Amino acid sequence: DKYEGQTEVDGEMFTVDDLEDGPGTFRAHLDVGLARTSTGAKVFAVMKGAVDGGIDVPHSEKRFPGYDSESGEFNAEILKNHIFGTHVAEYMRVLMDSDEEAFKRQFGQYAKLGITPDEIEDMYRTAHQKIREEPVRVKKEKKTYAQPKRFNPKRL
C-alpha cells in the first residue's frame, strides 16, 4: 500500500525509492535463467510490469523496446506502444490487408471474439485500470471430482 508504483503508464524509465519514514521497498533481482536476454524479450516486459507495480528491481532501459544502441538514447513512446499493444494492432492491420489465411491463423480468437485492431489499445488500458482498482488476486476454489483424475497410464 505504501509503494503504489507508476500510476500513469507512459513508458518512461521508473525506479522505486525508499520512503524516509517507513519500511524499505521490496527488492527483487531478475533471474532470467536460460531465457535469452535480447532487447525486447518478454522477460524484460515482466520486469517492467513489476517495477511499475512498485517492486524495486535494479535495471536500466537498455533492454526495453525503444532503446537505440547506436545513439544510446531511449524512446519511451515506443515502449508505451508495446505496453498498450499498438504494435500488435498494426500487425493485425497488415495481415488483414495482405494475407487473410495468416490473419485467421494468428488472430483467429480475436476475430471470433469480435476484437478489431482499433480496440486493442482500449482493451489494455481497461486491463491496467482494473488491476489498479483491485490489485489482489482472487483465488478460485479447487474443483472436486467424483473420481480422481489420472495423468499417467495404469500399470499392468
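This is a predicted model: local features need pLDDT of at least 70, side-chain atom pairs count only at pLDDT 80 or more; totals for chains, interfaces and linings use all residues.
Residues are numbered from 1 along each chain as its sequence is written, and side-chain values use heavy atoms, with hydrogens and water left out.

**The whole chain**

Along the principal axes, its C-alpha atoms fill a box of roughly 60 × 45 × 35 Å.

Now switch to a surface, which comes to about 12,700 Å² of accessible area, with 50% belonging to carbon and sulfur atoms; such areas come from the Shrake-Rupley method with a 1.4 Å probe, and for residues only the protein chains shown count as cover. Of the 156 residues in the protein chain, 22% are buried, where buried means under 20% relative accessible area, exposed means over 50%, and partly exposed lies in between (1.4 Å probe, protein chains only).

**The largest core and a second one**

Next, select Phe44, Met47, Val51 and Phe64, the residues with the most contacts inside the largest nonpolar core, which has 13 residues. A nonpolar core is a set of buried Ala, Val, Leu, Ile, Met, Phe, Trp, Tyr and Cys residues joined through side-chain atoms within 4.5 Å. Helix 1 (42–52) and helix 2 (76–83) each supply at least two residues of this core, and the largest share, 3 residues, comes from helix 1.

Centre the view on Phe44, which, leaving aside neighbours within four places in sequence, is in contact with Leu30, Thr37, Ser38, Arg63 and Phe64; contact here means heavy atoms within 4.5 Å. Then select Ala89, Leu95, Ile115 and Ile120, which are included in a second, separate core of 8 residues.

**Helix 3**

Move to Thr86, found in helix 3 (residues 86–98). Is Thr86 buried or exposed? Thr86 is buried, with a relative accessible area of 16%, and beyond its neighbours within four places in sequence it is in contact with Asn81 and Glu121.

**After helix 5**

Finally, go to the segment after helix 5 (120–133), where Gln147 has its place, and where Pro135 and Tyr145 are also found.

- Pro135 is exposed, at 63% relative accessible area, and its C-alpha atom is separated by 28 Å from that of Gly66, 69 residues apart along the chain.
- Tyr145 is partly exposed, at 46% relative accessible area, and its C-alpha atom is separated by 46 Å from that of Thr15, 130 residues apart along the chain.
- Gln147 counts as exposed at 66% relative accessibility, and from Gln147 to Phe64 the separation is 83 residues in sequence and 48 Å in space, C-alpha to C-alpha.

How values were computed:
Helices (H or I, at least four residues) and strands (E, at least two) are DSSP runs, numbered from the N terminus.
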